[in-house]
Amino acid sequence: MNIKFTKPFYSGKELEYLKDVIENEKDITGDGEYTQKVHNYFENKYGVARALMTTSATTALEFAVRLLDLQQDDEILVPSFTFSSTVNAILVNFVKPVFVDVTEDTLNIDPQDIERKITSKTKAIMVVHYAGVACDMDKIMKIAKKYNLKVIEDAAQCIEAKHKNKYLGTIGDFGCLSFHGTKNVVAGEGGLLLINTKDEKVIRRAEIIREKGTNRTEFMLGQVDKYTWVDIGSSILPSDLLSALLYAQLENVDRNIKRRLAIYNKYAGSLTEYAKEGQIKLPTLPAYSVHNAHIFYILLQDNKSRNFLLKFLKDKGIGATFHYVPLHSSPYGKKMGYKAEDLPITESIAGRLLRLPLHAGMTAEEVQFVIKMTKKGLDEIKQIKIDQIPTLSIGIPAYNEVNNIKNVIQDVIAQNQIAYKLDEIIIVTDGCEDGTNRVVEKLAKKYPFIKMYHDGRRMGKASRLNQIYQLNKSKLLLTLDADVKLATSDEINKIVKALGKGVVVGGNLVPIKPKGFAKTLYYQNYALWNEMRQDLNSGDHIANLYGSATLVDGAFAKTVVYPANITADEEYLYFSAKKVNGFRFAKNTCFYFKPVQSFREYLIHGRRVLNERNYIVDYFGPESLKAHHIPTKTKIKELVKLGLFNPVVCFGVVVLNIIIRIAPQNDALNKEGMWQTLTTTKIISPR
Ligand SMILES: *Cc1c(COP(=O)(O)O)cnc(C)c1O
């Protein structure tokens with residue numbers, strides 16, 4: 001599913017009204033027929049002295065501050081938990097905003113903190129009714145009266161919402177509504193200034209400013225016989241086309257908000273269990289507030305849980321989001337001299353708030369899906385104890401992987417990290433002649449968590465892996481073959497979860513559906529692997545493998561080893577390496593490998609296996625040649641077995657074997673060198 005966070009809800013009459021304006025060649029500039037209708041609508045319904053359409057709530061807010069006629073040193077109290085427009089409106093008028101904290105219940109401006117922050121310079125309070133839930137206006141108006149302060153209501157989110165029986169935006173001196181495309185009622189872009197004073201001078205001034213500093217309004221009313229420039233003004237009225245669109249929306253507002261409320265209540269009702277348990281906090285709706293379901297949010301216990309759920313929902317195609325980056329701790333807020341801890345409640349809630357999709361066009365099915373997934377995400381948070389999310393190192397041993405290395409790194413980076421936090425990607429290369437290092441170095445410049453280690457000699461895969469074990473600094477380590485293709489995020493997260501339980505997992509990130517020859521091979525190898533496991537059962541840590549083998553049983557196919565008796569299985573390799581070279585056992589280590597999927601692939605891998613010397617060196621390093629010598633007797637035995645099973649392949653293998661034996665050996669084996677860091681992120685001491 002793909003559920004949008006917000007979407008306009010059209011009444012059906014929008015096109016009719018737009019057509020009316022266009023087809024009947026009505027005035028499309030500001031203040032045409034539909035703008036007048038909108039003005040009348042609000043003046044009658046909201047009972048304000050004057051309602052004036054503006055191009056946005058932002059302009060309405062700027063306009064309101066301008067009408068206060070303040071001086072440069074004056075201060076306006078304003079919450080930091082709001083959209084930047086609220087505070088910009090103050091700053092563009094060269095007045096000083098002073099941030100006030102919010103209360104944890106409604107996330108609205110805290111009257112107590114208002115009183116604390118009042119100085120002799122304070123001239124006004126700008127309140128924001130968050131989510132269409134009213135601020136405590138009785139207390140705020142009382143404070144305003146006591147200190148003789150003006151009140152501007154940022155009611156951008158508040159169409160139809162009330163404080164007791166008064167519409168929001170009609171309580172203070174000025175109120176500002178928004179009809180931005182994301183709000184309950186839309187004009188695309190658009191806003192409204194509500195003027196609540198009966199003071200005719202203020203109303204006249206507003207009309208003049210809005211009419212580019214002219215007295216055109218009086219002229220239109222026939223009060224003056226010509227109009228002219230009388231003050232500094234601006235153009236802040238939208239085209240009548242937008243008002244036509246908006247008017248259709250306003251006629252539809254009841255149905256729109258009824259639907260939103262139904263969804264809101266469904267959300268709240270479905271999540272009460274989680275609220276009772278204390279895992280989340282649902283919005284508080286004070287008795288004095290009649291809200292309009294503009295936003296449904298939940299507060300989680302901490303920032304990690306919030307981010308987890310956000311990612312979780314996004315991964316399921318649900319457009320959940322957060323709100324807001326507090327203004328006082330944003331880059332510009334910091335420039336103004338604020339520190340995050342200055343407004344502790346704002347800082348805390350902003351990190352824990354999550355909004356669910358909410359718009360009147362949502363289907364019942366979509367709402368159910370959002371609820372189901374939110375519950376699932378919350379259950380998961382409980383289960384994984386989010387504050388214990390482990391850090392993960394990804395280790396990639398690479399020898400001549402110029403064609404694969406970029407893909408696998410990008411795959412790892414693209415994963416949706418749910419069960420872990422990616423700490424570092426360690427790439428260990430040795431003796432590469434093909435430009436792998438160059439590719440990795442380029443990527444490491446872009447992503448500082450990529451670390452590369454290199455040795456001029458070809459040290460063997462076991463040695464590469466050992467480097468990774470020693471270097472990794474995270475709680476969990478996952479090593480990947482450079483040529484694996486990671487499948488879904490779910491998969492890697494599942495594996496990491498198993499790792500966290502201390503299980504060593506073998507498996508594959510590519511779903512395996514072996515067919516034909518590969519299928520036979522698959523079962524052959526599975527049997528072989530089982531044998532090997534039993535063989536190793538006397539080892540120190542094999543017990544760990546049992547869990548894993550059952551965990552991803554079906555996925556257990558392997559780079560081919562037949563008919564050699566060195567299994568190229570990294571699982572085996574690992575223990576083998578431990579025995580021969582005394583490598584440490586790395587706890588919580590996991591290996592992934594790619595199965596052979598076709599005969600062609602089989603031959604490619606088979607070739608490597610049969611090239612005994614190169615193969616051994618590749619895996620175990622030059623020192624281990626002797627320890628890994630395969631007795632001729634064993635080889636013949638395996639070839640006979642293969643011959644019985646598939647004579648054609650057996651013949652091919654014998655031929656390949658001969659070809660490889662006479663082929664030249666790899667020069668890189670003889671080069672001198674030692675592990676060295678190629679990127680500067682971490683320096684290691686050479687072995
Ligand atoms: C949306 C919003 C604004 C800005 O509205 P525009 O019409 O886009 O300018 C201002 N304040 C708050 C609280 C808002 O939610």
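How do strand β2 and β3 pair, and over how many bridges?

**View 1. Strands β2 and β3, side by side.** Strand β2 (residues 75-79) pairs with β3 in the parallel sense, over five bridges; strands are DSSP E runs of at least two residues, helices H or I runs of at least four, numbered from the N terminus, and pairing takes at least two DSSP bridges. Look for V78, which stands opposite F99 in β3. This is a predicted model, in which local features need pLDDT of at least 70 and side-chain atom pairs pLDDT 80 or more, while totals for chains, interfaces and linings use all residues. Residues are numbered from 1 along each chain as its sequence is written, and side-chain values use heavy atoms, leaving out hydrogens and water.

**View 2. The open sheet.** Seven strands run in the order β1-β9-β8-β5-β4-β2-β3, with mixed pairing. From one strand to the next, the twist averages 20°, with axes fitted to C-alpha atoms and angles taken from 0 to 180 degrees between N-to-C directions.

**View 3. Around the ligand.** Here 16 residues surround the ligand, the closest being T58, D154, Q157, S178 and K183; a surrounding residue has a heavy atom within 4 Å. Helices α3 (57-67) and α4 (84-91) each supply at least two residues of this shell.

View 4. Ligand oxygen atoms lie 2.8 Å from a backbone N or O atom of A57, 2.8 Å from a polar side-chain atom of Q157 and 3.2 Å from a side-chain N or O atom of K183.

Terms used: A polar contact is a pair of N or O atoms within 3.5 Å; within protein, one must be able to donate a hydrogen and the other to accept it, and residues adjacent in sequence count only if both atoms are side-chain atoms.
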